[in-house]
Amino acid sequence: MSGQPAPSSAVAIRPAIPEDLDALMALEVAAFATDRAERRAIRHAIASPSISLLVALDGAVLVGAATIERRRGSRRARLSSIAVAPSRAGTGLGRVLLDAAEAEALGRGCGFLRLEVREDNGAGIRLYERSGYRRFETVEAYYEDGTTAWRYEKELGEGKGTGTAAPS
């Protein structure tokens, strides 16, 4: 089928490496009109022991990324970004990245994953709600353009420790 994007199941997910920096910057520009991560922040995330930056590759082409932040002593991780190349929108890549982010958080001992989403991001809201996320807070003027954020959380499962209430 010419002109059709490859199914997202064809992507490989792996941790970002320093050589991905230029492609990650290009993805930020393509995927986000505002609130873009700066080059130095992405470089820091690649090397940070408390941040997991996962990339989705279609062959050699970087088509998506997910950033998961953790704090020492907390069982809550934060999904601070999911970026999907515009050419891959609607192919299920967002769900693939979300599943990978959840697995990464769980594998690092986090039993909960939190995130923020723009109130006008219908596709993102549908993805998170269909994936079992529960909205628990609204934050007015959260984004740099003044848009409100909806905060969501999902209990991921057992991981390390118990599945009971987690400290912040």
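Arg 78 first. In this predicted model, Arg 78 counts as partly exposed, at 26% relative accessibility. Its salt-bridge partner is Glu 69, with N to O at 3.3 Å. Glu 69 is also partly exposed, and its relative accessible area is 30%.

That pair does not stand alone. Glu 69 and Arg 78 belong to a network of salt bridges that also takes in Glu 116, Glu 137 and Arg 151. Across the whole structure, there are 15 salt bridges.

Now a second bridge, Arg 76 with Glu 153. The closest N and O atoms here are 2.5 Å apart. Arg 76 sits in strand 4 and Glu 153 in strand 7, residues 149–155, so this bridge ties together parts that are 77 residues apart in sequence. Are these two buried or exposed? Glu 153 is buried, at 7% relative accessibility. Arg 76 is buried as well, with a relative accessible area of 16%. The cut-off for buried is under 20%.

Asp 120 is exposed, with a relative accessible area of 51%.

Next, the pocket. Which residues line the second largest pocket? They are Glu 69, Arg 70, Arg 71, Arg 76, Ala 77, Arg 78, Arg 114 and Arg 151. Glu 69 and Arg 78 form a salt bridge, and both are in the lining. Arg 151 is in the salt-bridge network and in the lining too. Arg 76, the partner of Glu 153, is another lining residue.

The pocket volume is about 170 Å³. Strand 3, residues 61–70, and strand 4, residues 76–84, are the elements that give two or more residues to the lining. Strand 4 supplies the largest share, 3 residues.

Let me step back to the whole protein. It has 4 helices and 7 strands. From the N terminus, the order is β-α-α-β-β-β-α-β-α-β-β. Of the 168 residues, 43% count as buried. The accessible surface comes to about 9000 Å², and carbon and sulfur atoms hold 52% of that.

One last number, on contacts. Take those between residues at least 6 apart in sequence: 60% of them join residues at least 24 apart. The bridge from Arg 76 to Glu 153 spans 77 residues in sequence.

Note on methods:
Residues are numbered from 1 along each chain as its sequence is written. This is a predicted model: local features need pLDDT of at least 70, side-chain atom pairs count only at pLDDT 80 or more; totals for chains, interfaces and linings use all residues. Side-chain values use heavy atoms; hydrogens and water are left out. On a 1 Å grid over the protein atoms alone, a cavity is a set of points where a 1.4 Å probe fits but cannot get out, and a pocket is an open set with protein on both sides within 12 Å along at least five of seven lines; lining residues have an atom within 4 Å of a point. Grid points are joined across faces, edges and corners, and a volume is the space filled by probe spheres set on the points. Buried means under 20% relative accessible area, exposed over 50%, partly exposed in between (1.4 Å probe, protein chains only). Contact means heavy atoms within 4.5 Å. Accessible areas come from the Shrake-Rupley method with a 1.4 Å probe; for residues, only the protein chains shown count as cover. A salt bridge is a side-chain nitrogen of Lys or Arg within 4 Å of a carboxyl oxygen of Asp or Glu.
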